[in-house]
Amino acid sequence: MIRQTALVALAALSLTAAAQAQTLRIGLREDPDILDPTLARTFVGRIVFAALCDKLFDINEKLEIVPQLATGYRWEDPKTLLITLRDEVRFHDGEPMDAEAVRYSLNRHLTLQGSFRRGEINTMEAVEVVDPKTVRIRLKAPSAPFLSQLTDRAGMIVSPKAAEAAGRNFGTKPVCAGPYRFVERVAQDRIVVERFPGYWNAPVVTIPRITYQPIPDNTVRLANLQSGSLEMVQTIEPDDIKTVQKNPRLKVVAYDGLGYQSITLNLANGARAGGPFAKDPRVRAAFELAIDRNAINQVVYEGAWTVTAQPVPPSSPYHVKEFQPQPRDLDTARALLKQAGVTLPVQLELTIPNSPDLRQVGEVIQAMVKEAGFELKLSAMEFASSLQAANRGEFETYLIGWSGRVDPDGNTWTFMHSGGAQNDGKYASPEVDKLLDAARIEQDMAKRRALYAEVWQIALRQDRSRIYLWHAKNIVAHTTRLSGFVPVPDGLIRPQGLRLQ
């Protein structure tokens with residue numbers, strides 16, 4: 001009996017080991033929010049969507065727009081886009097991915113209550129089904145960034161049948177046309193997907209199962225990679241690069257990203273926007289002038305990041321080189337608070353996603369602004385919860401990152417326009433709205449960059465509506481048993497082509 005029990009136990013262990021060998025376990029920095037491409041906001045959610053939901057178009061490592069569910073496109077005129085679709089594409093529920101599904105999905109992104117895609121594609125006037133494999137999109141006006149918006153969640157196509165059946169619960173069991181289908185989700189623990197045998201490009205998908213595990217603590221996430229409990233981590237900190245490089249079983253890939261880290265300021269979103277900080281740009285200017293971006297970069301990130309004062313990275317042709325961060329100036333900061341006539345110290349709260357490095361950033365900022373006359377309280381929250389709180393206006397200042405987009409509109413309009421879905425601070429300026437809308441239409445690169453330069457001068461320097469801190473690198477680490485990872489500047493982990501030995 002003992003021998004039989006032992007054999008059964010060994011067999012179970014063998015099966016478990018075999019199952020693990022067929023699973024790619026990826027450590028994420030946070031737990032994603034809802035897995036509905038229309039309603040989602042988080043960057044880590046985009047990593048999961050890369051497995052679940054193909055898009056009409058994608059981008060490659062050269063930042064070129066390439067077809068995915070589409071086979072090509074043609075502008076019939078500046079306001080009319082014709083898109084052709086792949087043959088024999090199926091959703092995970094077996095339904096066909098055709099022109100009608102594209103029409104349904106784009107309209108869902110545009111009209112569903114609470115959609116965060118609406119501001120990205122709101123120049124869209126109508127979607128027409130030409131035939132089962134062709135759609136025509138009519139725009140209200142020419143749009144320079146429109147095609148690039150279809151390389152992210154606004155271009156993800158969902159199963160109309162599944163979406164209609166699930167309603168607003170679609171994110172609990174998403175059904176798309178990606179290389180993997182949804183299996184299960186345990187909040188704060190794991191998201192599991194399995195290879196979809198009916199995928200249109202099945203030969204490039206070799207790993208049977210992927211498990212995404214949210215691990216907010218950088219040290220714990222790295223320890224799991226080193227121990228073999230994870231095969232890949234979405235990110236590590238710059239000071240951990242040398243540690244990984246010394247391990248012959250691991251590999252690290254560091255490359256420039258498209259995003260930024262910033263502080264959102266609540267100017268008009270509910271009761272938390274009632275104090276002098278929200279009402280007086282001089283108080284906000286004093287706060288920013290008390291911050292030394294270079295010092296934060298050195299203390300927390302060993303100088304690995306690129307400090308900034310704008311949302312467009314230096315690698316972009318739309319980056320405004322002349323718009324640089326102002327040096328720390330405590331004398332001017334104190335003088336501005338005196339001019340504003342505020343009672344010192346100015347009481348303020350900074351909401352921070354609950355990860356060790358960002359908590360350290362918060363502590364450094366807390367010490368810096370105290371010297372100018374601010375008493376800054378830190379409030380650490382789980383990331384998805386902090387996004388929801390920000391949307392409700394339950395914050396005063398909020399340390400928040402954005403993974404970035406190829407076109408500068410994707411880094412600006414939704415955050416700075418009064419109609420932007422992710423304008424959590426409710427900044428509103430008719431002049432800035434006009435400039436952002438004009439930048440969407442302008443096709444000339446130099447003229448478009450000049451429009452953004454005007455936006456930065458008004459929204460960031462004059463109105464002090466938001467504080468941009470740095471552009472980070474993407475730093476991915478994985479076991480040497482994993483091959484085929486392609487570093488694309490958007491930081492996503494695309495499963496196509498990955499192989500696990």
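## A tour of the predicted fold

Among contacts in the protein (heavy atoms within 4.5 Å) between residues at least 6 apart in sequence, 70% join residues at least 24 apart. Please keep in mind that this is a predicted model, where local features need pLDDT of at least 70 and side-chain atom pairs count only at pLDDT 80 or more, while totals for chains, interfaces and linings use all residues. Residues are numbered from 1 along each chain as its sequence is written, and side-chain values use heavy atoms, with hydrogens and water left out.

Let us begin with the overall form. The protein has 17 helices and 21 strands; these are DSSP runs numbered from the N terminus, with helices being H or I of at least four residues and strands E of at least two. Of the 501 residues, 56% count as buried, meaning under 20% relative accessible area with a 1.4 Å probe and protein chains only.

| Property of the protein | Value |
|---|---|
| C-alpha trace along the principal axes | about 80 × 65 × 40 Å |

Next comes a helix pair. The axes of helix 10 (residues 281–289) and helix 12 (residues 330–340) come within 8 Å and cross at roughly 160°. Helix 10 is therefore roughly antiparallel to helix 12, a label for angles over 145 degrees. The axes are lines fitted to C-alpha atoms over the stretch in contact, and angles run from 0 to 180 degrees between N-to-C directions. On the helix 10 side, Arg282, Val283, Ala285, Ala286 and Leu289 meet residues of helix 12, including Leu330, Leu336 and Ala340. By class, this contact has 9 nonpolar, 2 polar and 1 charged residues.

Helix 15 (residues 409–416) is mostly covered, with 8 of its 8 residues buried. Among them are Trp413, Phe415 and Met416, along with Asp409.

Finally, a look at one strand residue. Val135 lies in strand 7 (residues 134–139) and is buried, with a relative accessible area of 0%. Val135 and Ile83 are 52 residues apart in sequence, yet 5.4 Å apart in space, C-alpha to C-alpha. Not counting residues up to four places away in sequence, Val135 touches Leu81, Leu82, Ile83, Ala99, Val102, Val127, Glu128 and Val130.

Key: Parallel < 35°, antiparallel > 145°, perpendicular 65-115°, else oblique. Nonpolar A, V, L, I, M, F, W, Y, C, P; charged D, E, K, R; others polar. Buried < 20%, exposed > 50% of the residue type's maximum accessible area, 1.4 Å probe, protein only.
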